[in-house]
Amino acid sequence: MFENAPVNPPDAIFGLMELFQADTSDSKVNLTTGVYKDEAGQIPLMKAVADAEKILVQDTSGRSYLPIDGQPDYCNKAGNLVLGPVAESVHWQTSQTPGGTGALRVGAELLKNAVGIDTIWMSNPTWANHPKIFARANYNVQQYDYLDQRGVALDFAAMMGSLANAKSGQAILLHAACHNPTGVDLETDQWNELLKFVADRGLVPFFDFAYQGFGKGLDQDAQPIRNYLASGNREAIICNSFSKNFGLYGERVGGLTIVSPSEDARTAMQSQIKTTIRTMYSNPPTHGCAIVSTILGDDTLRASWETELTEMRERISGLRKSFVDTMKQFAPDHDFDFVMKQNGMFSYSGLSKPQAEKLRNDHSIYILNSGRINIAGINASTCEQVCKAIASVL
Ligand code: LMR
């Protein structure tokens, strides 16, 4: 029977990582997966994480199961980090999930099975895994326009135009900050208009918040979510990840926050989450959440974490500038200034699939076939090499 299983194509992001690993070139550069790398080209272990590990290693108690929906102190701290002051005025609960992807999948199952929502709108383009997660959960996936003709900046009018077809009782996936894969975010007035439309139309917002702190700051990046709730809206789903902002990619630590209109609704939704998680993976792992709650619960560690996160964000801005300046040098006829306006780790470069393939095959420089470049993977010693290669394929 197993012979009947069709072969699936490799994952659009992790599949390229496998190709990169198999590449024997000494000068290969990996700008595919969304991971932050330092000047030495390494994924850094943040100082606060290393310090928290030293505290945690002294805990010699056994590793029992966590509650189905996660370690309560961690969940409380994770939810407060996302919601900020608005946490005081809404009915909410955060569940611990294996990364942001786990939150998306649990949230998708929850909305489908407990609430009966079967259609979700997402931007075109979006993170390659988004449509797959919701399709696996049997959703009808609809797309709304996002980019202009050139494919490097927002076309807000087109976005709102396609959303005119969305109907009450459907869900909408929104990237709260640092849109993946484009790096193109909405301005505050555009967010206000969009979120008013979401509320008036009766859509359920499903915020993917994987990059808190990588756009403008921890609080600034959360503003679309907080403003939506502060305007009196009482239903939202927020998926957050600590992969990026704590550099805890492999620990799989994230959260699913549900904001409900009443305490009864919150209790009912949480009971549904527990059934969903129990039937998928039973309960979450212990270690990553312990690191995050140790840091968030200690003033010194928290300050150290925030400082290092700020440095990472500012360094990425500097890398964007170096990239644009170096592209001017090697491809003066091509305008890459838009890279400066994009946020977070990624830039949608406007490069085509054949150009991405040429970069890979001729130069061992790996970007996604969509043209997405992980700017946070460049450093001073690879910037020139990357820009020269891009100029040669333009
Ligand atoms: C990415 O978009 O590269 C990251 O979010 C990693 C992933 O899981 O795809």
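A backbone N or O atom of G34 lies 2.7 Å from an oxygen atom of the ligand. This is a predicted model. R372 places a polar side-chain atom 2.8 Å from an oxygen atom of the ligand. For W127, a polar side-chain atom lies 3.0 Å from an oxygen atom of the ligand. On its own, the ligand has 260 Å² of accessible area, and the protein covers 83% of that.

Now take in the surroundings.

P181 sits in the loop between strand 5 (171-175) and helix 7. A cis peptide bond also joins N124 and P125, with omega of about 10°. Here the proline belongs to the loop between strand 3 (119-124) and helix 5 (129-136). Why do such bonds deserve a look? They stand out because most peptide bonds are trans.

Follow the chain past helix 5. N138 lies in the loop between helix 5 and strand 4 (140-145). N138 is not a glycine, yet its phi is positive, at about 65°. Most residues other than glycine have a negative phi.

Turn to the helices. How do helix 6 and helix 7 cross? The axes of helix 6 (residues 156-163) and helix 7 (residues 188-201) come within 12 Å and cross at roughly 5°. Helix 6 is therefore roughly parallel to helix 7. From helix 6, F156, M159, M160 and L163 make the contact. They meet Q190, E193, L194, F197 and R201 in helix 7. By class, the residues of this contact are six nonpolar, one polar and two charged.

Helix 2 (residues 47-56) and helix 11 (residues 299-330) form another pair. They pack at an angle of about 150°, with their axes 8 Å apart. So helix 2 runs roughly antiparallel to helix 11. On the helix 2 side, the contact uses K47, A48, D51, A52 and I55. Their partners in helix 11 are L301, S304, W305 and E308. This contact divides into five nonpolar, one polar and three charged residues.

Notes. Residues are numbered from 1 along each chain as its sequence is written. This is a predicted model: local features need pLDDT of at least 70, side-chain atom pairs count only at pLDDT 80 or more; totals for chains, interfaces and linings use all residues. Side-chain values use heavy atoms; hydrogens and water are left out. Axes are lines fitted to C-alpha atoms, for helices over the stretch in contact, and angles run from 0 to 180 degrees between N-to-C directions. Helices (H or I, at least four residues) and strands (E, at least two) are DSSP runs, numbered from the N terminus. Angles under 35 degrees count as roughly parallel, over 145 as roughly antiparallel, 65 to 115 as roughly perpendicular and the rest as oblique. Contact means heavy atoms within 4.5 Å. Ala, Val, Leu, Ile, Met, Phe, Trp, Tyr, Cys and Pro count as nonpolar, Asp, Glu, Lys and Arg as charged, and the others, Gly among them, as polar. A polar contact is a pair of N or O atoms within 3.5 Å; within protein, one must be able to donate a hydrogen and the other to accept it, and residues adjacent in sequence count only if both atoms are side-chain atoms. Accessible areas come from the Shrake-Rupley method with a 1.4 Å probe; for residues, only the protein chains shown count as cover.
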